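Please open the structure in a viewer and follow the selections below in order.

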Amino acid sequence: MSLFLFLISYMVKKDQIIKLAEQFLADSENYLIDVKVSSTNKIMVLIENDNHVSISDCIALSRHIEHSLDREQEDFELEVSSPGIDQPFKSIRQFKKYIGQEVDIKLRDGLKHQGKLVAANESAISIIASKEKRNKNIKNQPSGENPSMSFQMKDILETRLVIKLS
């Protein structure tokens with residue numbers, strides 16, 4: 001067996017981690033955001049909650065995953081956490097959580113927009129553009145009126161919460 005095939009057969013599989021996490025989280029308020037498994041078997045699991053994720057939530061999921069994997073076959077490093085507020089949204093549920101908040105949107109075509117998130121579903125989101133961050137390409141808007149803008153999810157490269165320091 002080549003070294004490559006040996007490593008592949010003993011590497012932790014992302015699908016396996018996703019399944020373990022989703023099964024564990026199914027009866028809780030927490031939900032899976034992302035799973036990353038590096039070539040060195042460093043596993044990063046991100047979970048979210050519509051309110052907040054507690055440390056005990058992360059510890060419980062970490063223990064569940066650790067006890068479900070065999071360290072004799074797979075040496076791994078595991079980290080379970082919630083995404084930081086500076087991280088881009090990865091789930092429609094995150095978009096819905098932040099309705100009413102200011103967001104930055106980067107589109108695949110390079111344009112950027114900022115505004116108050118007012119609606120989100122599986123296919124699109126809507127914002128009311130911030131006056132100071134209005135895209136110069138928007139014409140024929142009465143002065144003082146902030147336009148409502150919609151974006152298809154497929155056109156969005158990244159959306160992040162605007163962090164305001166008082």
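**A strand and its neighbours**

Select Asp-34 to begin: this residue stands opposite Leu-46 in strand E2. The model is predicted, with pLDDT of at least 70 needed for local features and 80 or more for side-chain atom pairs, while totals for chains, interfaces and linings use all residues. Residues are numbered from 1 along each chain as its sequence is written, and side-chain values use heavy atoms, leaving out hydrogens and water.

Next, select strand E1 (residues 30-37), which pairs with E2 in the antiparallel sense over seven bridges. Strands here are DSSP runs of E with at least two residues, helices are runs of H or I with at least four, and both are numbered from the N terminus; pairing requires at least two DSSP bridges between two strands. Four residues separate E1 from E2 in this hairpin, and Asn-41 in the turn has a positive phi of about 65°.

Now colour E2 (residues 42-49) by accessibility. Six of its eight residues are buried, so the strand is largely enclosed by the rest of the structure; buried means under 20% relative accessible area (1.4 Å probe, protein chains only).

Within E3, Glu-79 is the bridge partner of Met-44.

**Two helices**

Finally, display helices H2 (residues 14-25) and H3 (residues 55-68). Which residues of H2 meet H3? They are Ile-17, Leu-20, Ala-21, Phe-24 and Leu-25, and their counterparts in H3 are Ala-60, Leu-61, His-64, Ile-65 and Ser-68, where contact means heavy atoms within 4.5 Å.

Key:
Buried < 20%, exposed > 50% of the residue type's maximum accessible area, 1.4 Å probe, protein only.
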